[in-house]
Amino acid sequence: MIKIESSPEEIYDIELEHSLLEANAKLAEGNRALLDRNGITAIDFMGAIGSGKTTLITRLVEKIKDRIGVAVFNGDATTSSDADSIAAYGVPVVQIATINGCHLDANVVAKACAKIDLSKLKLIFIENIGNLICPAEFPLGSKARVVVVSVTEGPYMVRKHPHMFLGAQLVVINKIELAETMGVSVEDLTNDVHKLKPDLRVIPTSCKTGAGIDDVVLAILAV
Amino acid sequence: MHELSIASTLVESVLKFANSPPPKKVLKVLLQIGEFTCVEPEQLRFCYSVVTQKTAIEDSTLEIEKVAAEVRCPHCDYAGPPKYWEDALAAAPVATLECPTCGNATEATHGHDCTIRTIRYVEQ
């Protein structure tokens, strides 16, 4: 190991104020500007693996696709199974394979935007990687970030991942038909969300029975 | 593990500075991390030591300084430290966006930093 020894007068401190998250934030602003110019609203869905992000997006696509142009960007570490199941509904789907990446970033979203015809679209749903920590630091250019939690993830899911909720505009509590079986209270989860951010809207849903899906559609169309 | 991508961006920036004329030896990098970010200092330090291996800044140290969260309330004009959630079962109280005075939603004004504050170096 090389050691540098010098007298104090030869040591310099340079002040930089250089933000490490700025490069992504600028790309996200670029995405937002591109989408705004095309009259498109992007919604980013974040949540744990198995919380029901893909199924929720599929239900929303079913309800919306005949009314307005919608496309889906599907972030997935390796497989295209989620992208394939949504593409079956006849909407444009771009699969973003992150391989070992734990989050989407604004750069891959910019590339996905370049892959599709934006002129016929009003909405883009972006499904983030199943991860409740990393995506919080990387805005993508969406107008709203939705966190999907399900009752099967246990009673402390919200308080264990505060950062994800602090930056969200909507929370969906999914799989409510299993709440009783799981012994998990939807009300307690909702209270936890409001302890972190009092004005954050929470919509309980069941993709199985269809409960709450229309409310999510209305909330998204109002963004 | 977003600490690795943050460490990579950090090392890239510091190397760019170190390699710009005149030749410099970087001793220490001071990074500021906000309380509202979810960047884990210990993991970031580990990633920094891995990413700097076999580079010109291999012997430099990374110092991490926490930036306290601050909020502003649009409802009652409160400005200052956030309300902390004390019994959230977390290792430390969790900074929230609930206004400490009126209970409505506040906006974060400080605590989202992930910034290189200073680089200490000697000219070679």
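Predicted model: local features only at pLDDT ≥ 70, side-chain atom pairs only at ≥ 80, totals over all residues.
User: Which helices and strands does chain B have, in number?
Analyst: Chain B has 2 helices and 8 strands. Along the sequence they are arranged as α-β-α-β-β-β-β-β-β-β.

User: Is chain B compact or spread out?
Analyst: Chain B is more spread out than a compact globule, because its radius of gyration is 18 Å, well over the 14 Å that the globule rule gives for 124 residues. The C-alpha trace spans about 55 × 30 × 20 Å along the principal axes of chain B.

User: What share of the residues in chain B is buried?
Analyst: In chain B, 33% of the 124 residues count as buried. As for contacts in chain B between residues at least 6 apart in sequence, 74% join residues at least 24 apart.

User: Turning to the interface, how many residues are in contact?
Analyst: The contact involves 33 residues of chain A and 32 residues of chain B.

User: Which element of chain A gives the most to that side?
Analyst: That element is β1(A), with 9 residues. At least two residues each come from β1 (11–19), α6 (162–166) and α8 (186–196) of chain A.

User: What is the make-up of that side of chain A by class?
Analyst: The side of chain A that touches chain B has 19 nonpolar, 5 polar and 9 charged residues.

User: Which strand of chain B pairs with β1(A), and is the sense parallel or antiparallel?
Analyst: β1(A) pairs with strand β8 (residues 114–123) of chain B in the antiparallel sense, over 7 bridges.

User: Which residue in β8(B) is the bridge partner of Tyr12(A)?
Analyst: The bridge partner of Tyr12(A) is Tyr121(B).

Notes
Residues numbered from 1 in each chain as written. Chains lettered and ligands numbered in written order. Helix = DSSP H or I, 4+ residues; strand = E, 2+ residues; numbered from the N terminus. Rg over C-alpha atoms; globule rule 2.2 N^0.38 Å. Buried ≥ 20, exposed ≤ 12 C-beta atoms within 10 Å, placed from the backbone. Contact = placed C-beta atoms within 7 Å. Nonpolar A, V, L, I, M, F, W, Y, C, P; charged D, E, K, R; others polar. Pairing = 2+ DSSP bridges.
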